[in-house]
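I opened this notebook to record what I looked up in the model, entry by entry. I began with the order of the secondary structure and then moved to the core and the strand pairing.

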Amino acid sequence: MTESEGVIARIEGDWAWVTVRKASACGQCDSQGACGSGLLAEALGPREYRVANDGGVCVGDEVILSMKDGSLVKAASLSYLGPLALAMLGALVGNAMAGDPGAVAGVCLGLALGVGFLRGANRWFANTAEPGLSIRIKPNVIPLHRETRP
């Protein structure tokens, strides 16, 4: 599971909006200085996610946001490979029907259909919780100081 720390920003009915400040992987990665994802996260600012409020969290609670392994790969595959596959299919069909001009038109039509599909899927997912996300209240850890004896 991929986990990030966040804070409950607001509650809307059965939904909790979690603001995530920084991805947890950035602190554990060996290539922190060479990776651009940290710079991108700083440029975009904090991100909010809508998650089902099953745990009875309140505004201001510190939580841990968890995402199932593979959810990100599935979403990225759908986002990138779907329009690409439709563009290639459009090129093949267009080329068979009208040669090179048909192939160009088929690529454009396939990409347009792919982007339209993604926009429709985005609207559909906007009415549901973020897929594969769950929250749990972050445990409060109190450090214990021990006296050392010589």
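I took helices (H or I, at least four residues) and strands (E, at least two) as DSSP runs, numbered from the N terminus. Read along the sequence, the chain then gives β-β-α-α-β-β-α-β, that is, three helices and five strands.

I noted the ground rules: residues are numbered from 1 along each chain as its sequence is written, and side-chain values use heavy atoms, with hydrogens and water left out. The model is predicted, and local features need pLDDT of at least 70, side-chain atom pairs count only at pLDDT 80 or more, and totals for chains, interfaces and linings use all residues.

Burial and contacts. I counted a residue as buried under 20% relative accessible area, exposed over 50% and partly exposed in between, with a 1.4 Å probe and protein chains only; on that basis 21% of the 150 residues of the chain are buried. With contact meaning heavy atoms within 4.5 Å, I found that 74% of the contacts between residues at least 6 apart in sequence join residues at least 24 apart.

Core. I searched for nonpolar cores, meaning sets of buried Ala, Val, Leu, Ile, Met, Phe, Trp, Tyr and Cys residues joined through side-chain atoms within 4.5 Å. The largest has ten residues: Ile-8, Ala-16, Val-18, Val-20, Val-51, Val-57, Val-63, Leu-65, Leu-133 and Ile-135. Strands E2 (15–20), E4 (62–67) and E5 (133–137) each give two or more residues to this core, and E2 gives the most, with three. I also listed the contacts of Val-63 beyond its neighbours within four places in sequence, and they include Ile-8, Val-18, Val-57 and Ile-135.

Strand E2. Five of the six residues of E2 are buried. I treated two strands as paired if DSSP finds at least two bridges between them. E2 runs antiparallel to E1 (residues 2–12), with six bridges, and Ile-8 stands opposite Val-18. Six bridges also join E2 to E3 (residues 47–52), again antiparallel, where Val-51 is the bridge partner of Ala-16. In the hairpin of E1 and E2, which has two residues between the strands, I noted a positive phi near 65° at Gly-13.

Rings. I counted a charge as over a ring if NZ of Lys or CZ of Arg is within 6 Å of the ring centre and within 35 degrees of the ring normal. Arg-10 lies over the face of Trp-17, at 4.4 Å from the ring centre, and the charged end of Arg-50 sits over the ring of Trp-15, 4.6 Å from its centre.
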